[in-house]
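Walk through this structure one part at a time.

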Amino acid sequence: MTAVVHRAPVVLSPGSVALTDGAVAVAGDRILAVGPADEVLAAAGPDAEVHEWDGALTPGLVNAHTHLQYSDMAAVGLAEHAGFEAWMSAFMELYPVPRDWGASAAAGAALALRSGTTAVAEIVTDAAAGSAVHDAGLHGIAFWEVLGWTDRAWADGGESTVRAQLAALPTPPATGLSPHAIYSLDTGVIRDLARLAQQLGVRQHIHAAESAWEDAYVRTGTGDLAERWRANGRGEFALLRHGGVGTGVLRYLDDLGALTPTTHLAHGIYVDADDRALLRTRGVSVALCPRSNAVIGLDAPPVAAYLREGNAIAVGTDSLSSSPSLSPWQDVAALHDIARAQGYRDDDLHARLFAAATAGGAHALGLDDTGVLRVGARADLAVFPVAASTPREALAELVEAGPAEASLTVVGGRVRWDRTRVAARAIA
Ligand SMILES: [Zn+2]
């Protein structure tokens, strides 16, 4: 098998690699060698196909929370909202408008590749959107979203319905279950889904601690969300009937058996030190989506506390219905500013946020051999334009400036995005 070598002025991988004039050799879907360019070229042999790039070569980015199917709803994500209630109203106004969810999700997958993303935690709500990750050749997990079930309705064939919906998603990638949130599913359903995920050997991904609204709902069954649900005929949810459970979202999920090492959460904004300790104990990662939080009008996630206390974090863009782009680097740049504003002064911030968007995302999704450049790992990599020429300055530039577009994206050894080819076509 002929090796393919990608050579760049800077090569970076979390925790291990910071090279000037480095290279990665790829054979099939795996990394054959990584190191100084001359060593990699020697290892790859005289027949190797060699590509020289400008910029910084890194592992492909892992977008640990997105809904590619909402790529067609950018009108909502480009606006600013006064809070979760206002955003949800804007979203619900557009959601029922008939559209081609398959095409919308495919467009989102193309944007993800263009941003240097090689793996996604994709939430699929409408079956028509279910093949986008598969068709684009992206790695990651397609999570079937489950929402709206009361315990009573669920008892009447809910599990077999969800099993069939999950089984209908094309593989690869792996599939998983996404119980939407604590307020859109009844208590027994969340418990049953955790059991079902274990039984099927699939992972779970849950929106949690995203809004203050959700917090009041679970603690006391009160607030705007609770009133909205009562008005919409969902008053039979156990949390509403019992006036909440007196704990926060994460304790509630844990009591239902939903916090396990095979689950990761999205958002994790409204959490205290006990909640963060619980996540560490249970081995649960959180995908932080700061630009989505800002568009919706929520508070910023406590990234400085997560970092200081040693929680496992990842980075997600959320969807274009609540974010201006699908570029994980741009959420990394937002997290950088938030961490500094929250008083995080350590000089490892660049390295740790880079790790969150690569190896941290891979860990959150349970993807082995992904998110790092090392021999034998999956050949998922990307090249980004940077002005800096040293590894340290290039890393700072990537993290603080957040390049929206990659020059090259390689998934499993296959080139899925190459900006130079697009430019060449444009000139021709
Ligand atoms: Zn989401």
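**The zinc site and its surroundings**

Along the chain, the donors of the zinc ion are spaced as H-x1-H-x139-H-x110-D. Histidine 207 sits in strand β10 (residues 203–208), while aspartate 318 sits in the loop between β13 (313–315) and α16 (328–341), so this pair ties together parts that are 111 residues apart in sequence. This is a predicted model.

Now look at the atoms. His65, His67 and His207 each coordinate the zinc ion through NE2. Asp318 coordinates the zinc ion through OD. The distances run from 2.1 to 2.8 Å. The angles among the four donor atoms run from 85 to 173 degrees, and the site is irregular. Four donors count as tetrahedral only if all angles lie between 85 and 135 degrees. For four tetrahedral donors, the ideal angle is 109.5 degrees.

Are histidine 207 and aspartate 318 buried or exposed? Histidine 207 is buried. Aspartate 318 is buried too.

Next, the annotated span. An unreviewed UniProt entry places the feature "domain: Amidohydrolase-related" at residues 57–414. The span of residues 57–414 is 43% helix and 16% strand. Its end C-alpha atoms lie 15 Å apart.

Finally, turn to helix α7 (residues 158–167). Which residues are buried in α7? Gly158, Val162 and Leu166 are buried there. They cover an arc of only 65 degrees around the axis, which puts them on the same side of α7. What covers these buried residues includes two strands, β8 (139–146) and β9 (174–179). The cover also includes α6 (151–155) and α8 (187–200).

How values were computed: Residues are numbered from 1 along each chain as its sequence is written. This is a predicted model: local features need pLDDT of at least 70, side-chain atom pairs count only at pLDDT 80 or more; totals for chains, interfaces and linings use all residues. Side-chain values use heavy atoms; hydrogens and water are left out. Buried means under 20% relative accessible area, exposed over 50%, partly exposed in between (1.4 Å probe, protein chains only). Helices (H or I, at least four residues) and strands (E, at least two) are DSSP runs, numbered from the N terminus. The arc is that of the directions from the helix axis to the C-beta atoms. Contact means heavy atoms within 4.5 Å. UniProt positions are given in the numbering used here, feature names are shortened, and annotations may be inferred rather than shown by experiment. Donors are N, O and S atoms within 2.8 Å of the metal (3.2 Å for Na, K and Ca); water is not among the atoms, so sites may look incomplete. Four donors count as tetrahedral if all angles lie between 85 and 135 degrees; four count as square planar and six as octahedral if opposite donors are over 155 degrees apart and all others between 65 and 115; anything else is irregular.
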